Amino acid sequence: MRWIAAENPSDQGCMAAEIICRCLQKKPDALIAFPTGSTPLPMYASLVACYQSGQVDFSRMRGFNLDEYAGLPPEHPQSYAFFLWENFYRHVNVQQQNIFVLDALADPVQAAADYEEKLKQAGYPDLAILGIGINGHIGFNEPASVQEAFCHPVQLAPETLAANARFFSPGEKTPQSAVTMGMGSILKSRKIILLASGKGKAKVMARLKQMTQIDPMFPASFLFLHRDVTVIADRDAWPQGEMMTAES
Ligand code: GLP
């Protein structure tokens, strides 16, 4: 696992966008798995800017969302399908047929199986961009003593429900479950970038930096099993007490 320090979220966004642009320059039809949350917003803004200045072409890129709330229609402002569309896809020349999202309204077991099959047919991601939850979740792979390897439905952990409640209106019924790519699906990606920014992530990043075991109660630790993971953490999320070098 390679750690790269970013000065701030915007710097982090540029660094991640640059990696995506390089990937697409090498392989215009690359399959890329995309995250949601606040963390990747500067990356999407930077990708849109790169597109507008003619630095990148998304016309053949295939995009797969990492996860989705169960039961939220795609037009709901908090649906992850909506998030990706609103913050990224609608501003660039990605082709509608190359956008893949989990079917939030289908039976979750079936939706998960169908998505895994689509990933398999498409050859799994060339590049997966990930965020991290405060409990170490990746996508919506929550801490559990046994982890489902591939796409699967999941009950959201109390800390995830609390952390994500900020996105929903007061009094609105928030989704309690989701469907996510499994850690096994994610680990089939050729290259993985993990993004973390903000003080709220310093603790979880310190834990990841110090860990030497794979712990299903801390799903991010499965990333140790992959040979090409780059962590880009900004100054605030950087583990306290660890030297903040450009690369470590
Ligand atoms: C959600 C998503 C994750 C994301 C996490 C962190 O739970 N399912 O994929 O990494 O939020 O979000 P934020 O970047 O807002 O902290």
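Because the model is predicted, local features are taken from residues with pLDDT of at least 70 and side-chain atom pairs from pLDDT 80 or more, while totals for chains, interfaces and linings use all residues. Residues are numbered from 1 along each chain as its sequence is written, and side-chain values rest on heavy atoms, with hydrogens and water left out.

An open sheet of 7 strands, with parallel pairing, runs in the order 1-10-9-6-2-3-5. Here strands (E, at least two residues) and helices (H or I, at least four residues) are DSSP runs numbered from the N terminus, and two strands pair if DSSP finds at least two bridges between them. Strand 1 (2-6) and strand 5 (99-100) stand at the edges with a single partner strand each, so one side of each is left without a neighbour in the sheet.

Within helix 1 is isoleucine 19, which counts as buried at 12% relative accessibility, where buried means under 20% relative accessible area, exposed over 50% and partly exposed in between, with a 1.4 Å probe and protein chains only. Leaving aside neighbours within four places in sequence, isoleucine 19 is in contact with Leu127, Lys191, Ile193 and Ile232, contact being heavy atoms within 4.5 Å. Isoleucine 19 and isoleucine 129 are 110 residues apart in sequence, yet their C-alpha atoms are 10.0 Å apart in space. Helix 7 (residues 202-210) has as its buried residues Ala202, Val204, Met205, Ala206 and Leu208, and these pack against strand 1, strand 9 and strand 10.

Grid points are joined across faces, edges and corners, and a volume is the space filled by probe spheres set on the points.

The largest pocket holds about 600 Å³ of space. Its lining comprises 33 residues, of which Thr36, Gly37, Ser38, Asn164 and Arg166 lie nearest the centre. Strand 4 (67-69), helix 3 (80-87) and helix 5 (158-164) are the elements that give two or more residues to this lining, and helix 5 supplies the largest share, 4 residues. By class, the lining of the largest pocket has 14 nonpolar, 15 polar and 4 charged residues, where Ala, Val, Leu, Ile, Met, Phe, Trp, Tyr, Cys and Pro count as nonpolar, Asp, Glu, Lys and Arg as charged, and the others, Gly among them, as polar.

The second largest pocket has a volume of about 300 Å³, and of its 13 lining residues Ile19, Arg22, Cys23, Lys26 and Lys191 are the closest to its centre. Helix 1 gives the largest share of this lining, 4 residues, and by class the lining has 5 nonpolar, 1 polar and 7 charged residues.

Alanine 104, in the loop between strand 5 and helix 4 (108-122), is buried at a relative accessible area of 14%, and its C-alpha atom is 6.4 Å from that of tyrosine 69, 35 residues away in sequence. Histidine 76, in the loop between strand 4 and helix 3, is buried at 16% relative accessibility and touches Phe82, Phe168 and Glu172, not counting residues up to four places away in sequence. Tyrosine 124, in the loop between helix 4 and strand 6, is buried at 10% relative accessibility and has a phi near 65°, a positive value in a residue other than glycine.

Conventions: On a 1 Å grid over the protein atoms alone, a cavity is a set of points where a 1.4 Å probe fits but cannot get out, and a pocket is an open set with protein on both sides within 12 Å along at least five of seven lines; lining residues have an atom within 4 Å of a point.
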